[in-house]
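Please open the structure in your viewer and keep the selection tool at hand. The stops below say what to select and what is found there.

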Amino acid sequence: MSFLSWQYSFFLPLVVMLYWMLRLRARMVLLLLASYVFYGMWDIRFLALLMGSTCVDYFCGRAIVGDRSATWRVFVTAMLPLAWLLACGLLPHGAGDVRTTMFEFGAIFAVLFPLGYVLMWRVSEERRRKGFLLLSIGSNLAVLGIFKYFGFFATSLMALLQMVGWDCGWILPQVVLPVAVSFYTFQSIAYAVDVYHGKAKPAQDLLTFGAYLAFFPQLVAGPIERPAHLLTQFQHAAQWDWSHVHIGLRLLLIGAFKKAFVADNCAILASYVFEPGTVLNAPWAILGVLAFAFQIYGDFSGYTDMARGSARLLGIELSQNFRLPYAARGPSDFWQRWHITLSRWFRDYVYIPLGGNRCGPILTLRNLWVTMLLAGLWHGANWTFVLWGGYHAALLTLYRLVPWLGRLETNTEQRGFARYGSVALMFCLTLVGWAIFRAPGLAGLGAWFAALGNFNATLPWLKPAAWLAVHAVPLLLQWATRNHQDESDLDHLSWPARGVVFLLMFVLFASALSGEQEFIYFQF
Amino acid sequence: MRTISKSFLLMVVLLVGAELVGRLLFAQTLSGRFDYGYDATAGFVENANGTVDLVRAGGRKFFPQSFAMKREPGTARVMVVGDSVARGRDVASSYAGQLGEMLRKSGVRAESFNLGLPGYGARRKQLVLQQALKYNPSLVVLHVNLSNEFEDEREWRRREEFRSPHPRNWLMKSVVIRRLFEVRTEKIFWELLPQEVRLQGAVSDADAEIVAGMNDATLARWNNLVRDQTALSVETARKAGVPMLLVIQADKITAPDGRSRTDDLGQYEWAAKLAGPDVEIIRMKDVLKDQDVDAIYADGSHVRAAGHELLARAIFERMKAGFAAVKN
């Protein structure tokens, strides 16, 4: 179910109303059911995967702190994914098209996980703690590896072998990428690591953990939450306050506006420019990447706002994910403003464990490159994403090594031209990154760069530029929030001005709705 | 927190206020607005005093005109139903206006009305005709043209776009939102984005979709539609007992020798079969045959005032010869 679908406009108010009528325990049941319905609207089969992750991470989390669950409980819980797949198999064809391989996976999981769980308790405490941590991380990475990267690495390997003259002729299975898998696996890893390091307490019961991991507002595309922030909110009953409604509705409105008015309309231009075979000149190439820059920002930050708004209606606060990213003065600043929860995840669970910047300049750069390449790969199983990660690693390296570039970013005292110049430079560099990110492949990227040298004036571009301006310029109004913590904060405006802004956003959003466009980050 | 609720309240009040203002104060303008001309009565305002006003409403850009609902005995009432060619630049210079003037100068008590609407094809002209017949015309002139079926098709799709009561269409039931959607489509989307951009699969756009699907088969289907609809219009007028004159459009084309000439694109061949006791035909091609085509035409299909005068004269001559003579 998408936030902008008509179903969601009934689903959310219903869940919110029921939620505030219930006690804590019943709220968790409601949230779990609602989240599974929300997720199941895409593909009910993959709920089995979510159940599997929930089972592994819950029992591993408890085991890390030395709390052993009864074997029969572990076994019964591990049976749930298989039971769900069997139930799906009974549904009419189309709704529950479950392949034999999925049953096999379910059955293997139902046997191996309880077995591994029991065996792990036979080793010493420290080894057991580490073992459960590795089991949790390994199972999440295995899910990512199988569902997201298997096809990519296998085809890349086949291409490589073909280049050296060996045609292996493998027939690869078609693996469907489940929605949200990149997000909830990362959230699960964060949970296991934080529990291991004592930064968070494990969930007290499976129900709460299930509701936490599958929490529908942030399940599909984040923000990627930490247990210390989100899980604790699930363990105490939120108190009703009108501010939840006010802030929730404001965030929903802003998010819907960014998605339906800004992102979906900029997407029309960006999709055309990056369509393979489109003949481009320099203005069109620039228009396309500009359109994509505003599309992806409007799309993802709009999604985050709606996620935060939906959660807030339930009295739950989600983390900010964006903070005026195009106002960044350098690449490091950019990553503190763009997809903040992912940046922090990579910082805390990859960069710092690798040694961070504590082990000399060369190793620091190595850690930085590894982190950024992995961050690029996280966005999708395609070499253009890896290249995008590498490009940002190169920018970070450059800003570290070239003193005057570094000063542009770090000298916050700069005003006027120097300040705006550093923002403009970083924006241009970000655009190049978006071209790499959006290009359908390396050939498409080459065509886009080649178009920058084509000044053929026969392709009129002024009117499309006006189209882009109409849909992107309203975002610039966010500049007014530059001194606020939250880019969706409008408290600096008087209430009548805010009312007019809300009205404009609503009518522009509502009159721009023409079909339901998928959110970009759903595919990652 | 109270200030935030005040701002939301203001938004709701402004929205509801705009909706009420739209529905109450602009009820007439908005009547049938989102039927794009497929509402039979749009643009015809029947007053309590027994008169009818032709207004710009409901996707019908009528020139403002008024007439009594019931025709006075002994008065010729001519109603010209057509597209932008019949509509002309204004009522006075259009052939409807000039015909009325000629009739009156010749001593006939006459009134002639211009019901031409830009972009109207056979389907929507039939609806206008149905309404016009309710006002006792003594003659209906139907301007037959092949070139507007694209608009008829597109406007039909736009009309159907949000018609179902499905919840996904609920926002578009608001006249404010729908009107803004319409303005965005017509003034921004169609104006600023080239067709090849709008033709992308992901973009929902009736205009671009029809262009993409246009081929010889579509054009042939539309031409057959014009033929069938015109036959239906003739039948409708016959049943109402009102004589009808079909004016067959001729377009300006450039011949292989580089000279301009007129061509009615084969319409006369099938229209001739519709002629009968109360149905006569005037070919624009015949009317304009001795004229300087380049001087008469403003573009490929629209004629200047001089062309309208020639058409008015041709209709006048038919009436003088006894066609559609007023009996009472």
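Two strands count as paired if DSSP finds at least two bridges between them. With that in mind, and remembering throughout that this is a predicted model, begin by selecting strand β6 of chain B, residues 139-144, together with strand β7 of chain B, residues 244-248; the two run parallel and are joined by 5 bridges. Within this pair, look for B:L142, which stands opposite B:L246 in β7(B).

Now widen the selection to the sheet around them, an open sheet of 5 strands in chain B whose order is β5-β4-β6-β7-β10 and whose pairing is parallel. At its edges stand β5 (110-116) and β10 (279-283) of chain B, and because each has a single partner strand, one side of each is left without a neighbour in the sheet. If you look along the sheet, the twist from one strand to the next averages 20°.

The next stop, still in chain B, is an open sheet of 3 strands in the order β1-β2-β3, with antiparallel pairing. Its edge strands are β1 (44-46) and β3 (60-68) of chain B, each of which pairs on one side only, and the twist here averages 25° from one strand to the next. Select β2 of chain B, residues 51-57, to see the strand that 6 bridges join to β3(B) in an antiparallel arrangement; B:T51, for instance, has B:A68 as its bridge partner in β3(B).

Then turn to the nonpolar cores. Which residues touch the most other members of the largest core? Among its 153 residues, they are A:A214, A:C266 and A:L269, and the largest share of this core, 18 residues, comes from helix α11 of chain A, residues 242-273. Centre the view on A:A214 and, leaving aside residues up to four places away in sequence, you will find that A:A214 touches A:L32, A:S35, A:Y36, A:Y39, A:L50 and A:L219. A second, separate core has 58 residues, including B:V55, B:M102, B:A271 and B:L288.

To finish, colour chain B by its domain assignment, which gives domain 1 as 2-30 and domain 2 as 59-149 + 217-320. The centres of domain 1 and domain 2 of chain B, taken over C-alpha atoms, are separated by 44 Å.

How values were computed
Residues numbered from 1 in each chain as written. Chains lettered and ligands numbered in written order. Predicted model: local features only at pLDDT ≥ 70, side-chain atom pairs only at ≥ 80, totals over all residues. Helix = DSSP H or I, 4+ residues; strand = E, 2+ residues; numbered from the N terminus. Axes fitted to C-alpha atoms, helices over the stretch in contact; angles between N-to-C directions. Core = buried A, V, L, I, M, F, W, Y, C linked by C-beta atoms within 7 Å. Buried ≥ 20, exposed ≤ 12 C-beta atoms within 10 Å, placed from the backbone. Contact = placed C-beta atoms within 7 Å. Domains from an automatic or database assignment.
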